[in-house]
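Reader: I am new to this structure. Please take one part and walk me through it closely.

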Amino acid sequence: MTSLVVVSAGLSNPSSTKLLADRLTAATVEALEDVEVTHVELRDLAHQLTDQLLTGFPAPELAAAETAVAGADGLVVVTPVFSASYSGLFKTFFDVLEAGALDGTPVLVAATAGTARHSLVLEHALRPLFAYLRAVVVPTGVFAATDDFAGPDLDARVTRAAGELAALVGKVSRVDSAVSRRRTVEDELAAVTPFEELLRRASER
Amino acid sequence: MQFGIFSVGDVTADPTTGRTPTEHERIKATIEIAQKAEDIGLDVFATGEHHNPPFIASNPTATLAYIGARTERIVLSTATTLITTTDPVLIAEDYAKIQHLTDGRVDLMMGRGNTGPVYPWFGKDIRQGINLAVENYALLRRLWSEDVVSWEGRFRTPLQGYTSTPRPLDGVPPFVWHGSIRSPEIAEQAAYYGDGFFHNHIFWPAGHTQQMVDLYRRRFEHYGHGAYDEAIVGLGGQFFMRRNSQDAVDEFRPYFDNAPVYGHGPSLEDFTEATPLTVGSPQQVLERTLGFRDYVGHYQRQLFLVDHAGLPLKTVLEQLDLLGEILPDLRAGMAEGRPANVPDAPTHASLVAAAGGAKDSTVYAAADDVTGRSDLEEVQA
């Protein structure tokens, strides 16, 4: 079973961000066989995200979302454009994820805004963010301004992006491929680096 | 089973009055709190180490030596000693000296416990935190166990024929704990040496503490120091007590809401549910504390944080009075169902006994240079 996790940072209800996330999800599910979808609505986790910034640990619902994202075979992430970039809420979620959580994970990036003049936000904000997180961003990003929801072109881009994500989810194996993940605290807890090795590394120049 | 308190020495405004104690008041209060800890029958007082405001916890060795001179029985410890930025040569000398001054009433807890800006003040880099902890501690052990050390490493200047003085009291170095919240490498380090492992416990959910302690116990057994349940475990804890639990909640809430570490974040209710913080009646604190064993097993040392977040000295002393009242029940409760093979926390006496008795470890030098001759004359000679 392939796990697809959809992270959406819309604030209103209904939100165009959530609507776009749903269309991307439906198209990706259609392109994949046997897929399990988990939705992460960041609005519901906003308080817990702030708490984690201050305490360093996630409350249970947020912990479940972080675990789901870290274990996902593919991600769809959608943010509204606020002040020429992703929203602070969206960024906070990726700020608190443990280093290495997205290593090698295929990601479809998408954004919504009131006007098409924000469309490059995918290229100047989202793509660099996920490149830094060592995720694999699919070539087609999907940007939707208010007008796009009324027109016929959005569907074509949604289908193309979903197809690209599906192809990567099928082909990139984080365990067996050249994409190796950084060791996390959980990895160390499960199989700790032996102390002789730590001693050797400590004094290695 | 040992019970005690640990202090980080923060100088924090009392949010209910807006008044911040002076450094002098806070330093003197720390001494009074330590003496009170002995008076109510606690076993351990531990001080933190910080080198920046708002803390008065620099130079912990002076603080501990002073407390040692004014107490009779209580074990002095650290929470934590900064093994990353403190020269292990100084740690070896300082704590061996306190051992002698207090007749063995001292042990240490190693920690990395620094923020990024602190490291460069000591010529170090936080990104090397684990490596510093590993190399520095390996050297510290040699300085205590070998009379003459020649050593070369990565982080400090080499040593040739160096003897750390005074030698450890009775030939037995202080017992060492290693504290870490979230670094499995440190649990591994503690296990490798058969040292104690202390989990701060108070800032994170119990499930995480459980994982770290479990790793330490498994590796302690792996390295042949004893069985899984014979490893030496310490935990932090945090409470605020009043006889009536609602009074405790009402009084503590402003301190919680403005506390330096978790203030302005989760609610008191969420945090008490997620972490071991207990705000309520003495009975509630007793029951919660006895419940720690359910997820870490029978353990050796329980330290509580009581003097922080701007709580006035008077309130802290009242908290200790209440702790003194439940202490007999805590001891009785922890003794219940404790298997015979679970050891107590090592003390100087038990370590001396294990070493086959006390021995004079003095290094008697053949000659000294306290002869009135100047350094220059020595060099020219």
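Author: Start with helix 5 of chain B. It has 17 residues, and at 1.5 Å a residue they should span 24 Å. The end C-alpha atoms of helix 5 of chain B are 24 Å apart, which agrees. The expected span is 1.5 Å times one less than the number of residues. Helices here are DSSP runs (H or I, at least four residues), strands are runs of E of at least two, and both are numbered from the N terminus.

This is a predicted model: local features need pLDDT of at least 70, side-chain atom pairs count only at pLDDT 80 or more, and totals for chains, interfaces and linings use all residues. Residues are numbered from 1 along each chain as its sequence is written, while chains are lettered from A and ligands numbered from 1 in the order in which they are written.

Now look at how helix 5 of chain B sits. 12 of its 17 residues are buried, so helix 5 of chain B is largely enclosed by the rest of the structure. Buried means that 20 or more other C-beta atoms, placed from the backbone, lie within 10 Å of the residue's own. Among the buried residues are B:Gly129, B:Leu132, B:Tyr137 and B:Trp144. B:Glu135 and B:Asn136 are buried too.

What covers them? Within chain B, the cover includes helix 3 (88-101), strand 5 (108-111), strand 6 (149-151) and helix 6. Chain A takes part as well, through its helix 8 (195-202).

That leads to the interface. 24 residues of chain B are in contact with 19 residues of chain A. Contact means C-beta atoms, placed from the backbone, within 7 Å. Helix 5 (129-145), helix 6 (184-193), helix 7 (206-222) and helix 9 (268-274) of chain B each supply at least two residues of the side that touches chain A. The largest share, five residues, comes from helix 6 of chain B. By class, this side of chain B has 11 nonpolar, six polar and seven charged residues. Ala, Val, Leu, Ile, Met, Phe, Trp, Tyr, Cys and Pro count as nonpolar; Asp, Glu, Lys and Arg count as charged; the others, Gly among them, are polar.

B:Thr61, B:Leu64, B:Ala65 and B:Gly68 in helix 2 of chain B meet B:Asp94, B:Ile98 and B:Leu101 in helix 3 of chain B. The residues of this contact divide into four nonpolar, two polar and one charged.

Conventions: Two residues are in contact if their C-beta atoms, placed from the backbone, lie within 7 Å.
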